[in-house]
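Q: Please take a close look at a single part of this structure and describe what surrounds that part.
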Amino acid sequence: MNPDFLMGAYVFILAIFLGVVLISRVPATLHTPLMSATNAIHGIVLIGAMIVLGSVESWWLEAIAFIAVILGAGNVVGGFVVTDRMLQMFKQRTPPVRPNAAAEQQR
Amino acid sequence: MIDNWRDAFVDLGYFASAILFIVSLNRLSSPATARFGNRLAMAAMALATIVTFFLDAVDHNYLWIVLGIAIGAVIGYFPARRVQMTSMPQMVAIFNGMGGATAALIAVAEFLGVTDIGRGAVLSIILSAVIGSISATGSVVAFAKLQGLLPSRTTLPGNRQMIAAALIGSMVLLGLVVLLLQGGATAETLLIVTFIVALAAGVLLVLPIGGADMPVVIALLNSATGLAAALTGFVLGNQVLVVAGALVGASGSFLTLIMARAMNRSVGKVLFGAFGATAATGSGDAAAEERPIREVSPEDAAVSLAYAQRVIVVPGYGLAVAQAQHGVHELAELLQDRGVDVRYAIHPVAGRMPGHMNVLLAEANVSYDDLYEMEQINDDFARTDVVLVIGANDVTNPAARDDPTSPIYGMPILEVDAAASIIVLKRSMQSGFAGVENELFHDEKTSMLFGDAKDSVGKLITEVKAV
């Protein structure tokens, strides 16, 4: 068996277990941002598209890879931007501020 | 293996990137650190992207790569900035589809472009082409449904299970032939056929799935794209793709299971089953007209809210549709100023994607400390004076607990009917997604306030101010 492939299989299985452990700790409150963040993370296929575009020779394969790069980059950028927007909104109740502190903030 | 210093540098970069992805997911587990976690993931992605330019295999087309990334970034950035929080599910769906399409296109290009591929790589190529394509078109259909471009539920001509079986069967068959041939002109043609069948499969599999099942579907499609990305990593021998893809695949599968469990339905049933078909709708309509319901005026509802000690708000998809989240928060603050204890009870499948309600309420500046999950708050309904149900239906239906003949029997619900009184804001007496009559609406403790959720909440605000 191809050692590279086997290596990939090891990494894959370990990462799956790790993923389940990590995700099971995420509270339901964060499920949408989590989903959106992981959605951006699978945009890592962009790298695959870049490798293909940078290595193939025939023009029509280049065209396919070029479209793949566009879509992958859209996935990455869009995914991270919406996630950031969402997470920015998650706030704890602001603790009752002392009058002094409030005045200082206004200044 | 490492052949030269450049690839060694690149591999180190990928290694660091993979570690950053893992740490970022870890940070995402708490609201306080989640934003930082997302930033870490961005850094990981940037690092992986930059080092790829130095990869030995990447030896030309640099400008095209940069141009492609720039175009993609523009396409992704602006909708992501502008989209409303209520439309988040469809936004996530469309980005997911883009990722799936990327994986599928890479698989096709690799197969057609590289001669002499090993069996393992061929298998990975077939799988990522199939999974990526299904995810791509499936996500587009999910997007269209959530956006209201397609009806929430489309009935396919013919038997849904048969169609699914035929599609999956033909893909398996085609895939096996390609795997056996391993290369050559016939195999290339067949791979493209497989790719096209998979594109069609994505459409046909998601088309019949109803709107309220979308939390499961979106989580599953997310998982599929993650898997396709990992498979692409196998094809290219790139471990950071394998790690990141597997993490996403695991996360998506895990969420899929949580969502399915929260509906007490197997993933298989969501995908292939006919839910709330003939039997359920039939019984609902007939009973609805005869049984009495109590209507309440905004004035009376406001009075009972204002003089309550403990109020729990139960939001549902209706709140998202009506964009009522800001009004709800204003109402809750008014009540809190009067000394009323106001909390929110969130059912896991409320809305159209996992955690949908939490995001909407966060947008309206509701503190996440006030949001309670079903298990946390279910025992408290008995000690609650007024429950305000806004645009939620099936997740509050006591029939899921009491009536073994109900189609939603066994689904965990918010025990709303344990409260002293219940006010339901609802557009009309229509039954929920499952087509099941909600026993709650006929409970003698329940009063109904009909109208658009946003208008009704607005009226309640005015009336509470006047109390």
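A: The cover over the buried residues of helix 3 of chain A comes from both chains: helix 4 (59–89) of chain A is included, together with helix 2 (34–52), helix 3 (62–82), helix 4 (88–113), helix 8 (214–236) and helix 9 (239–262) of chain B. Helices here are DSSP runs of H or I with at least four residues, and strands are runs of E with at least two, both numbered from the N terminus. Two residues are in contact if their C-beta atoms, placed from the backbone, lie within 7 Å. The model is predicted: local features need pLDDT of at least 70 and side-chain atom pairs count only at pLDDT 80 or more, while totals for chains, interfaces and linings use all residues. Residues are numbered from 1 along each chain as its sequence is written, and chains are lettered from A and ligands numbered from 1 in the order in which they are written.

A residue is buried if 20 or more other C-beta atoms, placed from the backbone, lie within 10 Å of its own, exposed if 12 or fewer do, and partly exposed in between. Among the buried residues of this helix are V45(A), L46(A), I47(A) and G48(A); M50(A), L53(A) and S55(A) also belong to that list. In chain A, which has 107 residues, buried residues make up 58%.

The rest of chain A gives the setting. Its secondary structure comes to five helices and zero strands, with the pattern α-α-α-α-α along the sequence. Of the contacts in chain A between residues at least 6 apart in sequence, 59% join residues at least 24 apart.

Helix 3 of chain A also has a part in the contact between the chains. That contact takes 76 residues from chain A and 99 residues from chain B. On the side of chain A that touches chain B, the elements giving two or more residues are helix 1 (3–24), helix 2 (31–41), helix 3 and helix 4 of chain A. Helix 4 of chain A gives the largest share of that side, 27 residues. By type, the residues of that side of chain A are 47 nonpolar, 23 polar and six charged. In this count Ala, Val, Leu, Ile, Met, Phe, Trp, Tyr, Cys and Pro are nonpolar, Asp, Glu, Lys and Arg are charged, and the others, Gly among them, are polar.
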